[in-house]
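Here is my note on the model you sent. Please read it with the structure open.

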Amino acid sequence: MLFRSPVYIADKKGYLAENGLKIEVTYTNSNPAAAQQTVGGNFDLGVTTYETGIRAIMNDAPLRLVGSLMRAFPYTVMSQPNVKTLADMKGKKIVLTLAKSVLTVFWNRWLKEQGVKVEDIDQVYDPATPNRFAALQSGTVGAAVLSQPFDWIAAEKGANMLFDLGAYGKGFGFTSFVARTDWLAKNGDAMRGFLRAVSKGVTFLYDSANKAEASKILAAETKMEEANALRTWDYYTKQLRPFDASLDLPDKQIELLIGVLVEMGEFKAGEDYRPSRFVDASFLPK
């Protein structure tokens, strides 16, 4: 839920209201579910990964990516206290997000770069971070892909960070707003107003003068301890920098992702993968 920080701020600071908007937030248990619910008309606007949105469009879903939310991956691979190196993971399990995920591709690439066979470490999958954290804490797995604040909590309990997925995946985009083409045709002003408000939320979040207030909003919305919200603010604003007030989806990020999807065998090389096939940038803040 920390991934939606600018949206929380846009709501609590009145930026959405300034644009005549009031939103109702519903959470799903996975990115594919968010896309499916949007396609089905249960949501007017969804938040999902770039790759999920692009897969849906390639399967003829009437969706468009209309703005970025996170342009970096806020994930690390945390391991059991007795798993200090990659060699210690041989014969153990890692719980990843999804079998067909860019994060899984990053993990497999890194293993090969380190001279470790992918099949030497069993892979299991769960799209929900709390479930992956629970698996690590229970000892069911040797390592888990976690985001904040779960990776920090795990570290406080003795876990080790094996792999920084955010640093490895630098240049790739993570999550975006998606909407149906028919809804966009009828609600263009609302879409523009929403993105303007979120853009202001990003600007507010990154202003060091707003650290305390922004952290309080995050703590209240996510039910996390304020100390972890403050730590998240530091990490997001000083290191990861996952948000951008432009909310644009750079062509390069789309092209990098398409390359991975081709590598995974999901898409065929040589077809029409122009970013404009997936992205409608006409609603972005000016």
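In what order do the strands of the open sheet run? The points below start there.

1. This is a predicted model. Its open sheet has 5 strands in the order β5-β4-β6-β3-β7. The pairing is mixed. At the edges sit β5 (122–125) and β7 (160–164), and each of them pairs on one side only. From one strand to the next, the twist averages 30°.

2. Look next at the β3/β7 pair. Strand β3 covers residues 75–79 and runs antiparallel to β7. The two are joined by 4 bridges.

3. Helix α6 (residues 129–138) lies across β3, β4 (93–96) and β6 (143–147). Relative to β6, helix α6 runs at about 140°.

4. Now the cores. The largest nonpolar core counts 82 residues. Ile54, Val77, Trp107, Phe177 and Phe278 have the most contacts inside it. Helix α10 (residues 188–206) is the element that gives the most to this core, with 9 residues. A second core is separate and has 10 residues, including Met78, Phe133, Ala135 and Val141.

5. Leaving out residues up to four places away in sequence, Val77 touches Ile94, Trp107, Ala143, Ala144 and Val145, among others. Its contacts also include Asn160, Met161, Leu162, Phe163 and Leu165. Trp107 is also listed with Val77 among the residues with the most contacts inside the largest core.

How values were computed. Residues numbered from 1 in each chain as written. Predicted model: local features only at pLDDT ≥ 70, side-chain atom pairs only at ≥ 80, totals over all residues. Heavy atoms only, no water. Pairing = 2+ DSSP bridges. Axes fitted to C-alpha atoms, helices over the stretch in contact; angles between N-to-C directions. Contact = heavy atoms within 4.5 Å. Core = buried A, V, L, I, M, F, W, Y, C linked by side-chain atoms within 4.5 Å. Buried < 20%, exposed > 50% of the residue type's maximum accessible area, 1.4 Å probe, protein only.
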